[in-house]
Amino acid sequence: MAASIRLSPAARSLFDEPLAIAVQGLGPRQHVTLQTSLRDETGELFQASARYQAGDDGQLDLARCPALPGGSFSGLEPMGLLWALQPQKPFWRLVKRDVQSPFLLQLEVFEGHGERPGRLLAQEQHERAFLREGVRRVPVREGRIRATLFLPPGEDTFPGIIDIHGLGGGLFEPRASLLANHGFATLALAYYQFEDLPQKPKELHLEYFEEAVNYMLQHPQVKGPGVGLLGFSKGAEVSLAMAAFLKNIMAVASLNAPIAATCIPFSYKDKIIPSLTLYENKAKATNSKFLDYSDILEDPFQAPGNQSLIPVEKAEAQLLFIVGQDDRIVKSEYFATEVCKRLQAQGKGNFQILSYPGTGHCVDPPFFPWCPIGSHPVFHKRAVLGGELQASSKAQVHAWSQIQTFFRKYL
């Protein structure tokens, strides 16, 4: 009997969904190497491989069979062939621009454990999609708002979330599209460097974000009375400022946030929050010659930085701080811990911290490849983002389920 790959779901799954992988028709205790590959929208190749030994019956089920040393990972890791995908081009990041088309995953089984792949025994293709059947993608150009709304299938009302990305600018849709598959009406909101929005804003006006909140609450398919915010990095900082100054924010999930204004000041009505001073000379070169920028921000909990501190204590919303303990861009664990001490001192209990060891600045949805090095959004030099492959991958899976549980509870 020829070897074949059995996948469940068979032909297509959502990108954040586990994929069961098994091989049948091998020889008893046969040594094989499994390899996965996918190309991003620019054609760059990502690959992972792992070494396995079939059972006495010639079956190999990745949920029960540990990978042997020598591949991209080892041990019992049923999803290792997805989360361990790494770019052939150094430091290239897997990004999804067009969420309406899936990534195509290629799986191959080769004979043996050699440095070079042996004979090809079986291959299969599988689509990793961002939109479940029936999820609608609606471009939003209302007033000043530049965004994309993702609506779950059906005519019901759904809890509303605004998803705000980091300092890269533009419109970022993958996280919002994946959340909509789980029953949330999610608005991916751009706030600069997109269409007619400012290229280099001198200030971020919270009135713009207020307009987005009002748009969501007036939408017939968004269940009130308030919305949730999901922000990453600068976007998490924006989300906390929104919760401090705007009405109708019920819950904020913050991914590795500075707790103060950074790089671009905030303004709301007649109030300005100036941005913290950055000390580029405090960047440290690592032995890999990349820069560690974790110490360049003024400490917002010490004067004179504290006028840049976001007054999070004014927020009525529930706050979920998700932090990587090895974040090398923002001292996010320190910031979250200090701000929660302040909240506690004021008798507030509307916060929780999820802190992940071995996790750096990027906490993406599950199964996005780990990205240890990136371009610093301000200095445009190669920067250490922090974290380790296996720990980061586990953190992404855990944090993603916690984010959904949090929003279900409070929205």
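**Group meeting: a pocket, a strand and an annotated site**

Hi everyone, let's start with the second largest pocket, which holds about 200 Å³ of space. By pocket I mean, on a 1 Å grid over the protein atoms alone, an open set of points where a 1.4 Å probe fits, with protein on both sides within 12 Å along at least five of seven lines. Grid points are joined across faces, edges and corners, and the volume is the space filled by probe spheres set on the points.

Some ground rules: this is a predicted model, where local features need pLDDT of at least 70, side-chain atom pairs count only at pLDDT 80 or more, and totals for chains, interfaces and linings use all residues. Residues are numbered from 1 along each chain as its sequence is written, and side-chain values use heavy atoms, with hydrogens and water left out.

Back to the pocket: 13 residues line it, and Thr33, Ser49, Arg51, Gly114 and Glu115 lie nearest its centre. Lining residues have an atom within 4 Å of a point. Strands here are DSSP runs of E, at least two residues, and helices are runs of H or I, at least four, numbered from the N terminus.

Next, β11, residues 145-151. How many of its residues are buried? The count is 7 of 7, where buried means under 20% relative accessible area with a 1.4 Å probe, protein chains only. Ile145, Ala147, Leu149 and Leu151 cover one side, with Arg146, Thr148 and Phe150 on the other.

β11 pairs antiparallel with β10 (136-142) over 7 bridges; pairing needs at least two DSSP bridges. Arginine 136 sits opposite leucine 151. The two strands form a hairpin with 2 residues between them, and glycine 143 in the turn has a positive phi of about 55 degrees. β11 also pairs antiparallel with β13 (185-189), over 4 bridges, and there threonine 148 has alanine 188 as its bridge partner.

Last topic: the unreviewed UniProt entry annotates Ser233, Asp327 and His361 as "active site". They are spread over 129 residues of sequence, yet they cluster in space, with a largest C-alpha distance of 10.6 Å. Such annotations may be inferred rather than shown by experiment.

Serine 233 lies in the loop between β15 (222-232) and α4 (234-245). Histidine 361 is in the loop between β22 (351-356) and β23 (373-375). Is histidine 361 buried or exposed? Histidine 361 counts as buried, because its relative accessibility is 5%. Beyond four places in sequence, histidine 361 is in contact (heavy atoms within 4.5 Å) with residues including Ser233 and Asp327.

How values were computed: Buried < 20%, exposed > 50% of the residue type's maximum accessible area, 1.4 Å probe, protein only.
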